[in-house]
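Hi there,

Here is the structure I promised to pass on.

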Amino acid sequence: MIRLAAAVSSVVPTETTQQAFGYPSLFLLVLIGALVPVVPTGALVSSAAVVAWHRTAPLSLALVFVTASLAAFCGDAALYWLGRRGLGSKNGSRWLEAIRSRAPQDRLEQAQRKLADHGVAVLVLSRLVPAGRIPVMLACLLAKWPLRRFARGNLPACLAWTVTYQVIGILGGALFEEPWEGVAAAILLTVLVGAAPGVWRRIRQSAPAHRSSN
């Protein structure tokens, strides 16, 4: 945990190199994380917020917010555009197939029902629910939403997502004097937030089976 915290906190390494290195790196990593789920973007934003809190807080926190929000929005828009190209192609698209493979059928059906009932509001909330972004994005693709309509709903979703994880980072930074301690706390809290819905679903699924066995 300590090594991971130190590695992530290096995204905004020092006050003198933040603008030259830290913010472009944050933008690039969040953008990649939106396209390909290999970067823990929530933990990254929280960690950057911790470091910003221990630096020149107001300006740095504002720059982290703008950078992360813009990167998440651009990444989502690019992925959605690639998915729409796949829908329009006879042979499909590897990007569309990648989106499909990351959206379990039950989650997709649930997202489609909610999208039909509530529209853009579901898209706004999708980024705040762990593993909720891709099923809702795929539901929008299958409903043939134009990119402009998706972008209008996705903008407040990205802003709300950034605020949520930035608040987690600020709490970590406020509770600990050393930046790496705050980063470690932010990463741990982010992991717990991401894992909680999955654990809760397993508990709900196992409860009926346990009652029937009795």
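Helix H8 is followed by Lys144, whose phi is positive, near 60°. Helices here are DSSP runs of H or I with at least four residues, numbered from the N terminus. Please keep in mind that this is a predicted model: local features need pLDDT of at least 70 and side-chain atom pairs count only at pLDDT 80 or more, while totals for chains, interfaces and linings use all residues. Residues are numbered from 1 along each chain as its sequence is written, and side-chain values use heavy atoms, with hydrogens and water left out.

Back to H8, which spans residues 133-142: nine of its 10 residues are buried, so the rest of the structure largely encloses this helix. Buried means under 20% relative accessible area (1.4 Å probe, protein chains only). Among the buried residues are Arg133, Pro135, Met137 and Cys140.

Now for the rings. Two aromatic pairs turn up in a search of the whole structure. In one of them, Tyr80 and Phe150 are stacked, at 4.0 Å centre to centre and 0° between the planes. This pair links distant parts of the chain, with Tyr80 in helix H4 (residues 57-87) and Phe150 in helix H9 (residues 147-175), 70 residues apart. Rings of Phe, Tyr and Trp (its six-membered ring) pair if their centres lie within 6.5 Å, and planes under 30 degrees apart count as stacked. Tyr80 is buried, at 0% relative accessible area, and Phe150 is buried too, at 1%.

Finally, two arginines: Arg127 lies over the face of Trp161, 4.7 Å from the ring centre, and Arg149 lies over the face of Trp145, at 3.9 Å. For this, CZ of Arg must be within 6 Å of the ring centre and within 35 degrees of the ring normal.

Best wishes

How values were computed:
Buried < 20%, exposed > 50% of the residue type's maximum accessible area, 1.4 Å probe, protein only. Helix = DSSP H or I, 4+ residues; strand = E, 2+ residues; numbered from the N terminus. Phe/Tyr/Trp six-rings, centres within 6.5 Å; stacked < 30°, edge-to-face > 60°.
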